[in-house]
Amino acid sequence: MTKILPDQVADLIISLIFIRDLKSGDKLPPERKFAEQLGVDRTSLRMALRTLGRMNIIHSVQGSGIRIGDIEQDAGLDFLDNLYRIPELELGGRLLISGLEMFNQAVPMGMRLAVLRRLETGLSAENGRTASLVKEMYIAVNRGVDLKTLARLEVDVTDSLMAASDNLVLKASSTSSRRIRLLLTEKLFELIDVKAHLNHQHKLLQTAREEGVDVELMISNYLDYMSKLTQPLRQHLATLPPEPRLISSPLKNDLNITSMKQLL
C-alpha cells in the first residue's frame, strides 16, 4: 500500500539522516524552498517535519531554522521502527549485527523475568501461548511451510516471551523491532536446522516451567545457545556492506531524490 505524502517525505528525510547525507547540526532549507525542491506542498512537508520533531531527530532553533539532531544521542525506538519500515533503504551490515547482538541478549532477559515472575507470584502472563506457538511451528515444519511463515511464528514466540516478562520497556522494544527480527529470523532459518532449533525451544520451555528451576543457570545456557545458533547469521551479515544505502527515493515522484545534493 502506498504511503501518504507526509509519510513519504518523513521517510526520505529519515533515510538521508541515517545514511549521513544529512548530518547532525545541518540546517534544512526554509520551508517554502524545501517544499519546492522536494516537489511537495508545504502542508505535507510541515506534517512530515512535525513527525520528525516528535522523534527528536530535528530541532527548531530560534533564529536559525530547523537543524538535524544527533540520532546516536537523541533517537528512540520510534526512529528505529520507522527505519525498518522503509523498503527503499538498505540498513547495512553494521546495524543488522548490532540488532542481532541486542536480540540475543533481550530474549533470554525476557525469559528470565517471565520465569522469576511466575516463581514469585504463581502467575504467568503468557498462559501457555508460547508452548502453543512452538507446537504450531512443529506442525508447520512438518508440512514444509515456507521460511517466511516459520520466521513469523518464531517472532511470535519471542513476542510471547516478552509479554510474559510483564516489563513495559521490553514489550515496547519487542514491538518496535518486530520487522527487523522478521528479516533476521528468515535469513537465520535459511542457515540452520529449524527442527533441531524447535526441539531445543521445546526443552527450554519445559525447563522454565519446572518448580525449583535454577533460573540463572538456565539463562546462562540459553545465552550460550543463542550465540552459537546465530553464528552462521553473524558470518553472513559480516559479508554485507557495513554502511546503509538508499536504493531509491521513498518520495514517489519524478524527482527520485536520494541525496540532498540533488536539491542544490
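Helices and strands here are DSSP runs, numbered from the N terminus. That numbering gives the stops on this tour of a predicted model their names.

**The whole chain**

Start with everything shown. The protein has 13 helices and 4 strands, and its C-alpha trace spans about 65 × 40 × 30 Å along the principal axes. Of the 264 residues, 44% are buried. Among contacts with a separation of 6 or more, 74% are between residues 24 or more positions apart.

**Asn56, between α3 and β1**

Select Asn56, which sits in the loop between α3 and β1. Asn56 is not a glycine, yet its phi is positive, about 70°. Its relative accessible area is 33%, so Asn56 is partly exposed.

**Back along α3**

Now select residues 42–54, helix α3. The end C-alpha atoms of this 13-residue helix are 18 Å apart, which agrees with the 18 Å it should span at 1.5 Å a residue. Colour Ser44, Leu45, Ala48, Leu49 and Leu52, the buried residues of α3. They cover an arc of only 135° around the axis, which puts them on the same side of α3. Behind this pattern is a general point: an α-helix has 3.6 residues a turn, so residues three or four places apart point the same way.

What lies over that side? Show α1 (5–18), α2 (31–38), β1 (58–61) and β2 (65–68), which are included in what covers the buried residues of α3.

**The β1–β2 hairpin**

β1 and β2 run antiparallel and are joined by 4 bridges. Select Ser60 and Ile66 together: Ser60 stands opposite Ile66, which is in β2. The two strands form a hairpin with 3 residues between them. In the turn, pick out Gly63, whose phi is positive at about 80°.

Next select Gly65, in strand β2. Gly65 counts as partly exposed because its relative accessibility is 32%, between the limits of 20% and 50%. Leaving aside residues up to four places away in sequence, Gly65 touches Lys27, His59 and Ser60. For a sense of scale, draw a distance from Gly65 to Met162: their C-alpha atoms are separated by 41 Å, and the two residues are 97 apart along the chain.

**Glu88**

Go to the loop between α5 (77–84) and β3 (89–90) and select Glu88. Is Glu88 buried or exposed? At 12% relative accessibility, Glu88 counts as buried. Its side chain makes a polar contact of 3.0 Å with the side chain of Lys252. Display the residues that Glu88 touches, not counting those up to four places away in sequence: Arg245, Leu246, Ile247, Ser248, Ser249, Pro250 and Lys252.

**Asp166**

Select Asp166, in the loop between α8 (147–164) and α9 (168–176). Asp166 has a positive phi of about 60° and is not a glycine. With a relative accessible area of 44%, Asp166 is partly exposed.

**Helix α10**

Select residues 178–191, helix α10. This helix has 14 residues and reaches 20 Å from its first C-alpha to its last, close to the 20 Å expected at 1.5 Å a residue. Colour its buried residues: Ile180, Arg181, Leu184, Thr185, Leu188 and Phe189. Looking down the axis of α10, you will find these residues within an arc of 165°, so they line one face of the helix.

**The tyrosines of α12**

End at helix α12 (residues 215–229) and select Tyr222 and Tyr225, which are 3 residues apart, about one turn of the helix. Rings count as a pair if their centres lie within 6.5 Å, and by this rule there is 1 aromatic pair. The ring centres of Tyr222 and Tyr225 are 6.4 Å apart and the planes are at 15°, so the pair is stacked. Are these two residues buried or exposed? Tyr222 is buried, with a relative accessible area of 3%. Tyr225 also counts as buried, at 16% relative accessibility.

Definitions and conventions:
Residues are numbered from 1 along each chain as its sequence is written. Side-chain values use heavy atoms; hydrogens and water are left out. The expected span of a helix is 1.5 Å times one less than its number of residues. Buried means under 20% relative accessible area, exposed over 50%, partly exposed in between (1.4 Å probe, protein chains only). The arc is that of the directions from the helix axis to the C-beta atoms. Contact means heavy atoms within 4.5 Å. Rings of Phe, Tyr and Trp (its six-membered ring) pair if their centres lie within 6.5 Å; planes under 30 degrees apart count as stacked, over 60 as edge-to-face and the rest as tilted. Two strands pair if DSSP finds at least two bridges between them. A polar contact is a pair of N or O atoms within 3.5 Å; within protein, one must be able to donate a hydrogen and the other to accept it, and residues adjacent in sequence count only if both atoms are side-chain atoms.
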